[in-house]
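Please work through the exercises below with the sequence and the three-dimensional structure at hand. Each task is followed by a solution in steps.

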Amino acid sequence: MATPLTLDQLNLASLDEAAALLDGLYEHSPWIARAALAKRPFVSLAQLKHAMVLEVANGGRDAQLALLRAHPELAGKAMVDKSLTAESTNEQNKAGLTHCTPAEFEKIQQLNAQYNARFGFPFILAVRGPRGTGLLKAEIIATLERRVQGHPEFELAECLRNVHRIAEIRLNDKFGYTPTQGHQVWDWQEALAQHTDPGYAELGQLTVTYLTDAHRACARQIQADMLAAGCESAVIDAVGNVVGRYESDSWSRSNHGLQAPKDSKTLLTGSHYDTVRNGGKYDGRLGIYVPLACVQALKAQSKRLPYALEVVGFAEEEGQRYKATFLGSGALTGDFDPAWLDQTDADGITMRDAMIHAGLDVNAIPAIRRDPAEYQGFVEVHIEQGPVLNALDIPLGVVTSINASVRYVGEVIGMASHAGTTPMGQRRDAAAAVAELVLLVEHLATQDGDSVGTVGQLQVPNGSINVIPGRCQFSMDLRAPSDAQRDALEEKVLAGLRLICERRGLHHSLTRTMQASAAPSAPAWQQRWEQAVAALGVPLHRMPSGAGHDAMKLHTILPQAMLFVRGLNSGISHNPLESSTSDDMQLAVDAFSHLLHQLAQEHGTP
Ligand SMILES: [Zn+2]
């Protein structure tokens with residue numbers, strides 16, 4: 001194997017030499033690396049990767065199509081007659097595609113032909129996968145089967161993203177770079193995902209709801225991982241949160257009988273380990289294991305921070321088994337409602353009984369409330385759970401605010417009458433009114449820029465094909481980065497609904513079922529994330545969080561800010577297709593580590 005390249009070498013070489021060094025990153029398309037080299041010097045591989053992403057994005061559609069068409073088919077003719085590039089041969093070999101059974105080979109050929117006929121370019125998939133170790137043939141076939149149904153515009157973008165992922169892995173190989181901590185975080189999550197609730201295990205699905213056997217096995221696993229990574233303590237608290245602590249420099253000194261300066265306040269971090277039904281492996285868990293990778297590195301270097309780091313695996317965030325979302329983080333803020341203990345799950349088991357069965361001390365819950373005076377703040381790393389970073393091809397995002405939201409259920413009431421005999425001008429159509437509302441919500445939320453509005457449920461009770469809808473029930477979910485913006489949107493939507501009903505001679509009822517305040521990031525903490533991301537050479541992208549997170553709860557007692565990590569497959573989440581690469585996880589670890597050291601400097605420790 002050739003000696004690995006270094007960034008210095010690349011930065012100092014002449015353009016021709018540098019272009020030669022990057023030869024083969026993009027299939028038969030050396031122009032991409034060559035154009036990106038104009039942006040030298042690069043401080044990191046991540047920066048170089050993004051420069052190449054930009055060249056392709058700005059190259060125009062013809063150049064993009066040419067790039068895609070320069071790729072061989074997976075398990076295609078070029079593989080069979082051995083005319084693939086060395087890089088492609090290596091990748092297809094690693095994914096086992098060079099050893100397909102005749103049936104697999106035929107299936108792939110058939111899908112390839114279908115794909116190419118539909119989109120006009122070959123199906124492209126980074127077959128070394130998100131961990132770099134190679135996808136299974138079954139995974140490749142399943143992806144091909146799914147994507148052949150995709151939208152042409154989406155597939156063009158998705159193929160380009162895969163091309164960039166292929167280039168990323170090739171670049172890593174050239175530079176002898178391994179995202180070791182990213183792999184570790186990946187592997188921890190993979191191991192944790194072995195625990196799943198009964199009934200789901202058989203289906204190969206991941207479901208971990210509050211205090212089931214699988215949930216408790218996860219807690220024990222996280223506890224063991226925390227201790228193995230180097231935490232001095234890792235305890236399961238009264239609601240099932242797993243709390244690991246990596247103690248401070250002064251703790252360590254006084255523990256060794258040395259004189260120690262006064263301890264600084266603790267930094268709190270973490271996320272949840274419960275999942276939705278048939279969920280993903282990274283939602284929540286990434287925010288436990290990224291900090292843990294930092295603890296592991298500190299411990300390995302015998303390094304201490306001038307403050308303690310407390311990593312919490314929150315027991316419950318998703319509200320699946322009981323209607324008590326954010327139970328884990330809520331308990332830390334003193335927001336645990338004792339009435340929840342009497343709630344029952346689908347099998348009639350009360351939360352109290354589930355907790356006693358799990359060996360938890362219900363009476364100790366008030367005591368786990370944190371005193372804000374002892375903490376500096378709360379930071380949370382989370383997979384984005386949306387398509388924004390994936391579409392921009394940017395690995396990390398800095399959260400500006402967790403959106404405020406409000407939810408309604410409502411009903412419009414008109415008059416059910418004969419579809420054949422009632423003239424158009426004499427109808428009281430409830431569903432047509434709600435249809436107007438759907439479009440109004442869409443229009444107003446779009447106009448607003450960064451708000452979102454959704455009518456997710458629509459129903460005509462006892463509707464018939466030949467009856468004008470007399471009633472129409474609906475739900476409505478509005479979210480915006482600030483309370484004021486949400487209130488303004490809400491006001492416009494409600495006024496619009498009144499007008500629609502007036503004009504159509506209908507009446508309506510509305511019930512507000514939920515309202516949550518925005519949790520804007522604390523500016524100083526958001527800035528620390530921004531500096532960390534910038535230091536990695538990764539483009540800075542600020543964004544609101546459309547989903548709720550544990551940070552929302554901690555927001556009520558501490559300054560907080562979140563970091564998002566790009567998800568694959570359009571950032572899909574609450575779905576088994578949720579994924580992220582170990583390269584991106586490594587960047588999250590690097591950013592977290594940067595934030596820890598930055599804080600240490602602020603505390604006066606170099
Ligand atoms: Zn989550």
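The model is predicted, so local features need pLDDT of at least 70 and side-chain atom pairs count only at pLDDT 80 or more, while totals for chains, interfaces and linings use all residues. Residues are numbered from 1 along each chain as its sequence is written, and side-chain values use heavy atoms, with hydrogens and water left out.

**Exercise 1. The zinc site**

Task: Identify the protein donors of the zinc ion and state how they are spaced in sequence.

Solution. 
Step 1. Donors are N, O and S atoms within 2.8 Å of the metal (3.2 Å for Na, K and Ca); water is not among the atoms, so sites may look incomplete.
Step 2. H272 (NE2), D283 (OD) and H382 (NE2) meet the zinc ion at 2.0 to 2.2 Å.
Step 3. Their spacing in sequence is H-x10-D-x98-H. D283 lies in the loop between β3 (266–272) and α14 (286–300), and H382 in strand β5 (residues 375–383), so the pair ties together parts that are 99 residues apart in sequence. Helices (H or I, at least four residues) and strands (E, at least two) are DSSP runs, numbered from the N terminus.
Step 4. Buried means under 20% relative accessible area, exposed over 50%, and partly exposed in between (1.4 Å probe, protein chains only). D283, at 4%, is buried, and H382, at 0%, is buried as well.

**Exercise 2. The cavities**

Task: Determine how many cavities of 30 Å³ or more the structure holds, and describe the lining of the largest cavity.

Solution. 
Step 1. On a 1 Å grid over the protein atoms alone, a cavity is a set of points where a 1.4 Å probe fits but cannot get out; lining residues have an atom within 4 Å of a point. Grid points are joined across faces, edges and corners, and a volume is the space filled by probe spheres set on the points.
Step 2. The search of the whole structure finds two such cavities. The largest has a volume of about 120 Å³; of its 13 lining residues, H71, L74, Q92, L125 and I166 are the closest to its centre.
Step 3. Helix α7 (86–94) and helix α10 (152–174) each supply at least two lining residues, and α7 gives the largest share, three residues.
Step 4. By class, this lining has seven nonpolar, three polar and three charged residues. Ala, Val, Leu, Ile, Met, Phe, Trp, Tyr, Cys and Pro count as nonpolar, Asp, Glu, Lys and Arg as charged, and the others, Gly among them, as polar.

Methods: On a 1 Å grid over the protein atoms alone, a cavity is a set of points where a 1.4 Å probe fits but cannot get out, and a pocket is an open set with protein on both sides within 12 Å along at least five of seven lines; lining residues have an atom within 4 Å of a point.
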